[in-house]
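Hi,

Here is the structure I promised to pass on. Have a look at it first, and then read my notes below.

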Amino acid sequence: QVQLVESGGGLVQAGGSLRLSCSASGRTGSGYAMGWFRLAPGKEREFVAAITWSSDTDYLDSVKGRFTISRDNAKNTVYLQMNRLKPEDTAVYYCAAHRSGSLYYTRSYGLWGQGTQVTVSS
């Protein structure tokens, strides 16, 4: 079975940057739209960004201009470049492979990584 593995999370001060990576075993992942979601304390898991097979992208309004999603299909990897981080960005970040339905909903994704913690200090 294909697995997704996130990396790149960590502790950073406000205004700093991190780049998250999500690598898929095998080649299956490259054929799907991919999304990033996050789960913050006291909140529901929310959509952050997505990228389609044709590299169209979409973002949560609060991260537009700060985060950039990209993919390297040859490496079966999707990235989330996170700049100008804010404490409000603190969450566990998950990547996921789209299955069907709206890219904005968790139920539309059929394969999830284990998550990587991003903590942004004041």
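Which residues of E7 make up its covered face, and which its uncovered one? The covered face has Phe-67, Ile-69 and Arg-71, while Thr-68, Ser-70 and Asp-72 are on the uncovered one. In a regular strand, side chains alternate between the two faces of the sheet. (Strands, labelled E, are DSSP runs of at least two residues, numbered from the N terminus.)

Before going further, a word on the model: it is predicted, so local features need pLDDT of at least 70 and side-chain atom pairs count only at pLDDT 80 or more, while totals for chains, interfaces and linings use all residues. Residues are numbered from 1 along each chain as its sequence is written, and side-chain values use heavy atoms, with hydrogens and water left out.

Back to E7, which runs antiparallel to E8, with 6 bridges joining them. (Two strands pair if DSSP finds at least two bridges between them.) Arg-71 has Val-78 in E8 as its bridge partner. The hairpin of E7 and E8 has 4 residues between the strands, and Asn-76 there takes a positive phi near 55°.

Next, E5. 5 of its 6 residues are buried, so E5 is largely enclosed by the rest of the structure. (Buried means under 20% relative accessible area, exposed over 50%, and partly exposed in between, with a 1.4 Å probe and protein chains only.) E5 pairs with E4 in the antiparallel sense over 5 bridges, and Phe-37 stands opposite Phe-47 in E5. With E6 (residues 57-59), E5 also runs antiparallel, over 3 bridges; here Ala-50 is partnered by Asp-58 in E6. Five-residue turn, then: E5 and E6 form a hairpin with 5 residues between them, and Ser-55 in the turn has a positive phi of about 75°.

Now for the inside. The largest nonpolar core has 28 residues, and Trp-36, Leu-80 and Tyr-93 have the most contacts inside it. (Such a core is a set of buried Ala, Val, Leu, Ile, Met, Phe, Trp, Tyr and Cys residues joined through side-chain atoms within 4.5 Å.) Among the strands giving two or more residues to this core are E4, E5, E7 and E8. A second, separate core has 5 residues, including Phe-47, Ala-50, Ala-96 and Tyr-109.

Finally, Gly-110 sits in strand E10 (residues 109-112). Gly-110 counts as partly exposed because its relative accessibility is 47%. Leaving out residues up to four places away in sequence, Gly-110 touches Ala-97 and Arg-99 (contact means heavy atoms within 4.5 Å).

Cheers
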